[in-house]
Amino acid sequence: MGTEAEAAEVVESVSDLAVQDPPGEEFSAADLRWVKYASSEHQRDDVALIPYERMDAFIAGECSNPECPTRFHIERGRKRDRGTLREVRSDDYLLYRMYWCSFGPENYGEGGTILPSRKYRLNTRNRAARPQSMRGCTCHFAIKRLYARPSLVLIIYHERRHINKSGFICHGPLDRDAIGPGARRVPYVGSEIQQQTMSLIYLGVPEENILQTHMEGIHRYCGSDAKVDSLASQYVQKLGMIIKRSTHELDLDDQASIRMWVDRNKKSVFYYQDSTDTDAFVLGIQTEWQLQQMIRFGHQDLLASHSSFGVSKLKYPLHTLLVFDSRQHALPVAWIITRSVTKQDTLRWMKALTERIYSVDSTWRIGGFVIDDPASELDPIRDVFSCPILFSLWHIRRTWLKNIIKKCSNSEVQREMFMQLGKVMYSIWSEKNPMDALEQLFQDFVDQTTFVQYFKSFWVPKLEMWIDTIRSLPLASQESSGTIEGYHLKLKVKAYDDSQLDALQRVDWLVHKLTTELHSSYWLNLYADESGSFPEVKAEYIASTSWHRALQIPDDAVIFDDKEPFSAKVTSQKDTSQMWTVWNPGSEFSLCDCSWSMQGNLCKHIIKVNMMCGPRKDFQPSLSFQSFQHVLLDLWQKPMDDSFSLDLSVAWVMQMQERIQKVTELATADGIAEVSNRLPIQWTNKKGRKVAAKRTSPLRVLPHSNGIVQKDFTPKKNRKRKRLSTVSG
Ligand SMILES: [Zn+2]
Ligand SMILES: [Zn+2]
């Protein structure tokens, strides 16, 4: 920041500032001329004005400061819509963001305020090996995209030096504690490299490979020399040792142990309520990284809740909130551990979670919330997220199938029974009573006593609740069911490991598993996918849902057999002499004889076959599509009242129709380019209008009560999926 003479320049209005636009791909604070801004809000902070489109170039330049290489993260943010201010001052913002050096603001290092006492630290005596990315750095700046001039952004530098509260440089080559004479410590590593190295250790990658990637990361920040390299190698070794020796058990008493964990991980806890005589135990976990992913993938998209039914082994049930990432894979963005399902407690944690998000981005909104447990309280979701709620069938399908396979030994009986159960579900929208179909099933399979007994005692008492929910909420698709199941399977492998049965009774053990292994594995998946490093991790991650595996099966590997009962044969891609049979194709209750399906999972063969059944009118539409039709029919049958609120509703329906139209356009087109070429100018041209006119008559697009859908309204799913498969490659 310049000399005394330069610093003396003071302006009183942003309008007096010149716009600066230094050349080059990136630039930093050193390339700008800073002046003091004398407003009441910014007590003489340093400011500069640059074009809004150069903001990323500035942030990139600030990150590669040779004296203190770092990253800047968004610590706080606010947005304001255009047209909401009556009087506009020259420094009012449309967008406000505060960027903080990622070596701060917390200080976990030596003398840091949050450093836990020695007694409770990780099982090591070596302080140097502690992850040291939080150094209490106070360097931070804010940006304001100007309300009056949206093409410009005002940078307000609050603290330009990378110093801690005591005023010492706290990271980078100039940090006296880091490198230099007498330094005992390794060079401080940014949180990204640290997370990467930890993830690789958790994944069990050989140490020499981890070391190599770690070094590459370090060398991006400081040059390579023997000393740096040997320190880095020690760091990796010690981190590995810490992880190996680290324990969930911070105290013999589980409750005390959790209290300690919460105290040490304040930044990853969004809600905590200790159990008392009056309050239930509630722990809401969300790391900084998860927060970012929730903002990124949840905005105007779906959020899903995964409930840990049936894992009675756990001391407290675990709820996971999932977003769907750019590959539509489920990504856990928050974990809630509690037995309480009361409205009050649910409302509390949901509010705490969304407030945390709004403090970063006040415009964040989700488009829909998928639940999988009909016992969930819907009011808190509606209050907090103000969005439609959908229901996913993944759990009921999986549980029924698993129990049939476990409790009936004859494969023909298994298949018949599962199909019958499917019919019970499919009768939900017909005039028939689902319970009658169920009664029939009990009679037909009267000799299957084990299963019938299980079903009568476990399911019959609550089946009414399930059916009501399925009838009243729109149903989520098979793609989302498959991806939620994918998360469920991973959670089971990583966290509900059977060899640790005793441990499941401790909450600290679950917290430890979630925040170390599971978190690391998801972090690395996304990192590998987006950075292009670790190609094997990336490939494995892409293939981790049955939906993506189904996309790899060509259409000609599927042969339909029209004989009763309907079935389809799918040729194995690995061994072409091997064929799998999918019974009851075109239904959520299809059954395949491959081993993956026989473990209760939704296998790729079923998904592939169902993708091909979608456009064929000789198959009934899927449950989720039927529920969608039901919603539309219901809407259409509502009496008209010719009011303003009707206008508003019609406008919403139109918007929805347009969205659906775009999806079907994509599904029937040969590629995205073909569709985008027609957008947006030709969208309203003659052809478009003709289509729209056709659609406005509900009689022509909706099925009659016999449930047969006219062919052109059925989404042609397989083409879309083909397109997706070429994109995902
Ligand atoms: Zn810093
Ligand atoms: Zn299969």
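Student: F534, buried or exposed?
Tutor: F534 counts as buried, because 22 C-beta neighbours lie inside 10 Å. Buried means that 20 or more other C-beta atoms lie within 10 Å of the residue's own, exposed means 12 or fewer, and partly exposed is in between, with C-beta atoms placed from the backbone. This is a predicted model, in which local features need pLDDT of at least 70 and side-chain atom pairs count only at pLDDT 80 or more, while totals for chains, interfaces and linings use all residues. Residues are numbered from 1 along each chain as its sequence is written, and chains are lettered from A and ligands numbered from 1 in the order in which they are written.

Student: Where does F534 lie?
Tutor: F534 is in the loop between α15 and α16 (535-542). Its phi is positive, about 50 degrees, although F534 is not a glycine. Helices here are DSSP runs of H or I with at least four residues, strands are runs of E with at least two, and both are numbered from the N terminus.

Student: Which phi does Q328 have?
Tutor: Phi of Q328 is near 65 degrees, a positive value in a residue other than glycine. Q328 sits in the loop between β11 and β12.

Student: And how many other C-beta atoms are within 10 Å of Q328?
Tutor: There are 17, so Q328 is partly exposed.

Student: New topic. What is the order of the strands in the seven-stranded sheet?
Tutor: That open sheet runs β8-β9-β12-β11-β10-β13-β14, with mixed pairing. The edge strands, β8 (269-273) and β14 (389-391), each pair on one side only. Two strands pair if DSSP finds at least two bridges between them.

Student: In what sense do β13 and β14 pair?
Tutor: β13 (residues 368-371) and β14 pair in the parallel sense, over three bridges. I371 stands opposite F391 in β14.

Student: Which strands does α7 touch?
Tutor: Helix α7 (residues 288-298) packs on the sheet and touches β10 (302-307), β11 (318-324) and β12 (330-338). The direction of α7 makes about 125 degrees with that of β12. Axes are lines fitted to C-alpha atoms, for helices over the stretch in contact, and angles run from 0 to 180 degrees between N-to-C directions. Contact means that the C-beta atoms of two residues, placed from the backbone, lie within 7 Å.

Student: What about the sheet with β15 in it, what is its order?
Tutor: Four strands form an open sheet in the order β15-β16-β17-β18, and the pairing is antiparallel. A hairpin of five residues joins β15 to β16. Four bridges link β15 (residues 558-561) and β16 (residues 567-571), and F560 stands opposite A568 in β16. A568 also stands opposite V582 in β17.

Student: Which residue in β18 is the bridge partner of W583?
Tutor: The partner is L591. Two bridges join β17 to β18.

Student: Back to helices. At what angle do α6 and α15 pack?
Tutor: α6 (residues 254-264) and α15 (residues 507-531) pack at about 35 degrees, with their axes 8 Å apart. D254, S257, I258 and W261 of α6 meet V507, D508 and V511 of α15.

Student: What is the mean pLDDT of the chain?
Tutor: The mean is 80, and 81% of the residues reach 70 or more. pLDDT is the predictor's confidence in each residue, from 0 to 100. Over residues 1-7 it stays under 50.
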